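Reader: I would like to go through the labels used for this structure and see what each one rests on. Please set each value against its cut-off.

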Amino acid sequence: MKAISRKKWLPLLAAGAMLATTLAGCSGGGKADESAASTAPSAENVYKEKYDPPVTISTAWGVDPTLTFKNGETIENSVATKWAKDQFGIDIKSLWSVTDTNGAFGTKLRLAMSSGQEMPDILTIGTADNQIAQDLIDSGMYEEVGPLFDKYASDTWKSAMDQDPNVWNAYMRDGKKMGIPVLDYAYNHDYLLWIRQDWLDKLNLKAPKTIDEMEKVMDAFKNQNPDGLSPDQVVPLSIGFKTSMNTWMGDPSWIFGAYGTLPQQWNVGADGKLVYGSTEPGMKEGLQKLSDWLKKGYIPQEAALWDENKTAEPAVAGTAGIIPGPYWMSGWPLKDTVQNAPDAVWAPIEIPAGPDGKAMRHGTQFTNGVTLIKKGMEHPEAFFTYQNYLFDNYANPEPGSQYDNGLFAGYDYQLDADGKQLPIEEIDGGYVNVVRYLLVRDGARIPDAQMKALQSLAEGNEPKTKLEKDVAVNYGKETPAAAQVILKQDDISYKNMFTGPTTETMKSKMDYLNKMENQTFNEIIYGKKTTDAFDEFVSTWKAGGGDQITTEVNAWYDQVKQ
C-alpha cells in the first residue's frame, strides 16, 4: 500500500508574521537598510488576526434542510457568528437565508443577480449549483481571487490546495483564478465493492478478482444462497442507473471500466485530448455484459428505475450480495443490515479487472464547491483571517490542541467524565453539524487528512488526532480497512477532467444528447436493441453536436491543463 507523507504544521502566527513583513516591504540587509527602515514610514498591514474596530463580511445562506439548531439560535445568529466576532473581530452580516429544498438557494441567487439586489461579499456555492457559480463569475460582480489567495492565504491552506492543482480549473477565466475552490477529502466518493463475507465463507468462495470470477460468485449467491433465500429473493449485485451511469452508490460505471472507459465523464484519451467516455468502444462490451447479467438475474430488473438510495434497500434488507459504494458505507447504511440478517458481515474488496486486466473507477474531485469574493469588498483580507485560522487550527488539529475534539463543545462533540469523546448520538440536546454554520462549507478540509487518519487506524494505532477519534467513534468498524482497499487501487481512480462552465453547444444540445444516450443504453441493456445500436448512437451523437462539444471542451482544457 502506498504511504501518504505528512505535511508540516504551520501556525497562523508564522504566516501572519511573514505576511506582515512582505506587506511592510522589509528586506534583509546591513545597517544602512536598518537605518532606512527606522526613518521611513511603515505601510499599514491590512491583514490582521483580530480587527478592532470590527469589520463586516456580508453573506447569504442556503440552509441544508437537515441542519438543526439549538439554544434558540438561527443561521444568522449562532455560536459560529458569535465566535467570529469574539475571535477575529468579524461581524458576519446575513443578507438573506433560505432553506435549500428543491434548488431554493440557486433560485434565490439567480433572482438576486438578475434584479440588481445587493450581493454578498463572500458567497460559498456547492457543486449542485455549479452553473450559477459559473454565471456569477461571468457576471463581473465577483473579482479575481488569485492575487488575494497568493497574498493572504496561509501556507497550510496553500499546501492543501497544491495537492491537486486542477481544483482551480473549474473557476479559471483567461488564465485568472476567479473563485476559491472549497476543498473536500480525497477519495471521499471513490467506490469499491462491499460483499457479504459471511456468504462467501459459507460457500467456501474467495473474493472475486476478475469479472469472470465475479459472475461465478453472483451465480452462487443467487442459486445456492447460504441463508436459504430463493433465487427470486436475491439481488447478487445491487446497482441502479436511474439518475446516472456514474454516481456515488450502487454505481455501475466500473463495469465499463473493466473494458477501458468510464461513462458520462470526460477522460484523457491516448492523444492527450479529452474524450467523452460514453462514446468509447469499451462501452459496447460493458452494455453487453450488463444485458447478460440482467437476463441471468444478477442485477435488479428495475435497475433503470433505481437511484442511489434504492440500491441500498436490498443491502440493508439482507438480500443483496454485493453493492458498490464509498469506503464509509460500513457506517451508513450497511451497519443496519444486521437488524434484518443478524449474521451478515460486509467486507470491502477491490474493483475486479476485465479480460485484459483493466480496471477503472470514477474518481472523486477534491472539491465540493467554490467561494466567490465580491468586487469592491471593503476588507477581503478579513475572509483570509477567518479561513486561515480554520485551516491552521481546525482542519487537522494536533492532539491536545483547542479543536482536538471538534469545533464547539455541546454542538459537534461532547466529552464524558473521563474526557473521552462520546458518540454523536449521545450529545446532550442533540448533535449539530455546526461546520455548516461557517462561511465555507464544512469549514476547512485538507484532502489527504482523512485518509491519513484511516491509514493510521488500519495499521492498528490507537486514535489520537481529531480525525482519527471521529472515525473510530462515529464510523463503521470496517471503514479503515475499506480505505486501505481504496488506496491500494489509487491508480485506477479517474476524475472527470472537464470541470469548466457549460459550453455554448452544450447549452443547446446536451439535453438532447443525454436523453438519446440514456434511452439507447437502456434499450441495449434490456434487450430491446442489439449492441450494434451503440455504433449508431455514437455516429448520431457526434453529428448531433457531440463533435462540436468535444472541440469546445478541449479548447477549455488547453487553456487550463497543468
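Author: Tyr47 is a place to start; Tyr47 sits in the loop between helix 2 (31-39) and strand 1. Helices (H or I, at least four residues) and strands (E, at least two) are DSSP runs, numbered from the N terminus. This is a predicted model, in which local features need pLDDT of at least 70, side-chain atom pairs count only at pLDDT 80 or more, and totals for chains, interfaces and linings use all residues. Residues are numbered from 1 along each chain as its sequence is written, and side-chain values use heavy atoms, with hydrogens and water left out.

Reader: Why is Tyr47 called buried?

Author: Buried means under 20% relative accessible area, against over 50% for exposed and partly exposed in between (1.4 Å probe, protein chains only). Tyr47 has 4% relative accessibility, so Tyr47 counts as buried.

Reader: What makes the pair Tyr47 and Asn388 a polar contact?

Author: A polar contact is a pair of N or O atoms within 3.5 Å; within protein, one must be able to donate a hydrogen and the other to accept it, and residues adjacent in sequence count only if both atoms are side-chain atoms. The side chains of Tyr47 and Asn388 are joined at 2.9 Å, a polar contact.

Reader: How do you know that Glu73 has no salt bridge?

Author: A salt bridge needs a side-chain nitrogen of Lys or Arg within 4 Å of a carboxyl oxygen of Asp or Glu. For the buried Glu73, the nearest side chain of opposite charge is Lys70, 8.6 Å away. Here Lys and Arg count as positive and Asp and Glu as negative; His and the chain ends are not counted.

Reader: Where is Glu73, and which residues does Glu73 touch?

Author: Glu73 lies in the loop between strand 1 (55-63) and helix 3 (79-88). Leaving aside residues up to four places away in sequence, Glu73 touches Ser78, Val79, Tyr411 and Tyr437, where contact means heavy atoms within 4.5 Å. A polar atom of the Glu73 side chain is 3.4 Å from the backbone nitrogen of Val79.

Reader: What makes helix 14 mostly covered?

Author: In helix 14 (residues 449-458), nine of its 10 residues are buried. Among them are Met451, Lys452 and Leu454. The buried residues pack against helix 15 (466-474) and helix 16 (479-488). Gly460, with a positive phi near 90°, follows helix 14.
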